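Visitor: I would like a close look at one part of this structure. Please keep to plain terms.

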Amino acid sequence: MNRKYMTIDGIPAPIDGEKNILDIIRKVGIELPTFCYYSELSVYGACRMCVVEDKHGEIMTSCSTPPRSGMEIKTNTPKLQQHRKMILELILADHCRDCTTCEKNFKCKLQSIAQKFGLREVRFENYTPLEKGDTSSKSIVRDKNKCILCGDCVRMCSEIQKVGAIDFAFRGSKMQITPAFDMPIAETNCVNCGQCSAICPTGAIGVKDDTKKVWQDLYDDNTIMVAQIAPAVRVALGDEFGLPVGSNVMGKMVSALKRMGFDKVYDTATGADLTVIEEANEFLDRLRKGERLPLFTSCCPAWFQYAEINHQDMMDHLSSCKSPMQMFGSVLKEHAKNNMPRKKAKKTKVVAIMPCTAKKYEVAREEFRFEEEQTIDYAITTQELANMIRESGIVFSEILPEAVDMPFGIASGSGIIFGVTGGVTEAVIRYIMGEEAKNYLKAIAFTGVRGFDGVKEAIIPYNGRELKLAIVSGLANANTLVEKIKAGECHYDFVEVMACPGGCICGAGQPYAENRAKNERANEMYEADRMSNVKISSENPTTTALYNGILKGHKAHDLLHYK
Amino acid sequence: MDKTISYEKLDEILSQYPSENPAIVAILQDIQEEYRYLPKEIFAYLAEKLKISIAKIYSVATFYENFSLTPKGDYIIKICDGTACHVRKSIPILEALRKELGLSAAKHTTDDLGFTVETVSCLGACGLAPVITVNEKVYASMTPEKTVALLNEIRKERANENKE
């Protein structure tokens, strides 16, 4: 009986190493409201919504109070409820309340908590003059009028991503969150990962909406609309329509896109197969020559930009491969060019549906042009697609699934698992092991490539030697690893980097993933891999056909590499 | 006033502090001592040297009233508005100075960078209230009239200096 206990509203609760009372309160099934508490970020104690009362009537914030044996905590007393309502009222008094036209309408934490507490009136006038929003970024929009100063974005940006593009400035009632000197966010060291917008409890940071432009082209009869869907989107979109967390809704999505007016719908996983082949060959080539190792993956645009800003000296180590989205986009545009009857002169536009906000920035980059124009015309996020589906009136839960189109209709399991951290590495291992990999699929899965650790390692035998591979997600983790490699403290042959912790399934374009959702989404990705007929990218008949067709000879390098 | 930024000087200041967990406030104070404000150019340089984001340094610099991001005048006049000075009529002094120099609550420094007028919460000389300081020199028991006279004296002094 040496276990420590405390009581929460009379319920005895064991203390199992929790760092704060809040975690124990939630463990016993009480949902205290919070704006500024996330277990993966440092404790900030700003919002004061999680206040509790001890037996002496003392009020404390449960997020920043460590549990002690014998503590008696109450979470629901008249004093506490009055406190919380007052805080809410004061936050709302200073908040631009144009909820109906706000991007976060129905997804706003402030809105839902105010609803829960039955707040029907705000007694105080808002004296803060309205400020113009910052729309300089390709990926995110900032609206200071909706900021509640919880600091979640600041801590996400500096602690998890080690970017620090925004911070608090000024003091007291003048305090705000801003880049230095109120610079437009696009001119800072922001890498467009969008994690700030994912964690923002209100509409203060949102994702740039490109759906209007997509609709415009969908309504235009002279434009052939082609969609490609990234692997991670299929296991998250269902969340938006009340389907079980992590459901694979690929088929339903294809059919919804067709109904909305897309002419062709493909799977970006097919493009990922091309990436595996190109990147693995580049890797093997560097291994043979013993140069520029480790090879860093380059498919994550936020990581690419982070490396450009912070590790210019390592840029040679980044793979010259385009991302799966860009590779596939180039193939689709080339295919359209070759197959378009000249007279009709219809224009083909490619829309990429991505779990990612940085893809919006990537599509506009100079490197990715197809005959003077953007290879990918628009990149929209999972959430934007959900809005388009709603707007079109499609009842998503009832729509019948459909298959993706030919001639690019096949993707291997390797291509699909790109959407989760470690997936690229696993796919590359399968490819370089070749025939042998088929007997060792399970063993490869257990080399250490799977799971949600921020830094993972795998060692695989290859041609009588050992290959050391590292997988990192979260840019702070990536930065630490790069610094270590530079200092000669460790050596790797191959490093996969994803900017978002957990990989693309937790991208900022996705519906926000709580911990459970993360696991469900990853499981579904691996399930899709298990159910795929083809496991290794090089055995995908679509890629084989491409290499014998439009990717013949130097075309492969021209279309699939950025340098 | 129009000193150009000397990066050697910045390096000299930085060399006095440990590179691990650098004391941003102390460093900014030293820099302000040198330039009498925090020039915009130093932020990027500090960020790179200290491996701290520009936004973080800006955050510290804007938090403290003492740091100024705009150039200050040759003469910095501080009017104490602590309780003792306030009840002994410090505000009329402030108003007289602002009127005389064409300044306001939003504009603290004259266009020719001659004078900066600001309030402080307490100078710790309550027995001499109301107190003002001009470039650290303390003037006790001031009135609006005495202050304007003092200002005119400084102006004369300044005009003579400029002639030479």
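Visitor: In chain B, what percentage of the contacts with a separation of 6 or more comes from residues 24 or more positions apart?

Guide: The figure is 64%: that share of chain B's contacts with a separation of 6 or more comes from residues 24 or more positions apart. Contact here means heavy atoms within 4.5 Å. The model is predicted, so to speak of local features takes pLDDT of at least 70 and side-chain atom pairs need pLDDT 80 or more, while totals for chains, interfaces and linings use all residues, and side-chain values use heavy atoms, without hydrogens and water. Residues are numbered from 1 along each chain as its sequence is written, with chains lettered from A and ligands numbered from 1 in the order in which they are written.

Begin with the build of chain B. Seven helices and four strands are found in chain B (DSSP runs: H or I of at least four residues, E of at least two, numbered from the N terminus). Their order along the sequence is α-α-α-α-β-α-α-β-β-β-α. The chain is divided into domain 1, residues 7–63, and domain 2, residues 75–163, with bounds from an automatic or database assignment. The centres of these two domains of chain B, taken over C-alpha atoms, are 29 Å apart. The C-alpha trace of chain B spans about 50 × 40 × 25 Å along its principal axes.

Next comes the surface. Chain B has 164 residues, and 41% of them are buried (under 20% relative accessible area; exposed is over 50%, partly exposed in between, with a 1.4 Å probe and protein chains only).

Twelve residues from chain B and 14 residues from chain A take part in the contact. The two chains bury about 1,200 Å² between them, with 64% of this on carbon and sulfur atoms (the accessible area, 1.4 Å probe, that two parts lose on being put together, summed over both). On the chain B side, B:A55, B:Y58 and B:F63 supply 44% of the area buried against chain A, more than any other three residues.

Two salt bridges are counted between chain B and chain A (a side-chain nitrogen of Lys or Arg within 4 Å of a carboxyl oxygen of Asp or Glu). B:E65 forms a salt bridge with A:R171, and their closest N and O atoms are 3.6 Å apart. Over all chains, the structure holds 54 salt bridges.

For a view of the partner, take some of the pairs inside chain A. A:D267 and A:R234 form a salt bridge with the closest N and O atoms 2.6 Å apart. That pair links distant parts of the chain, 33 residues apart: A:D267 is in strand β11 (residues 264–267), and A:R234 is in the loop between β10 (223–229) and α7 (250–260). Both A:D267 and A:R234 are buried. A:D313 and A:K486 also meet in a salt bridge, at 3.2 Å from N to O. Here the residues are 173 apart, with A:D313 in the loop between α9 (301–310) and α10 (324–339) and A:K486 in helix α16 (residues 475–486). A:D313 is exposed because its relative accessible area is 53%, whereas A:K486, at 35%, counts as partly exposed.
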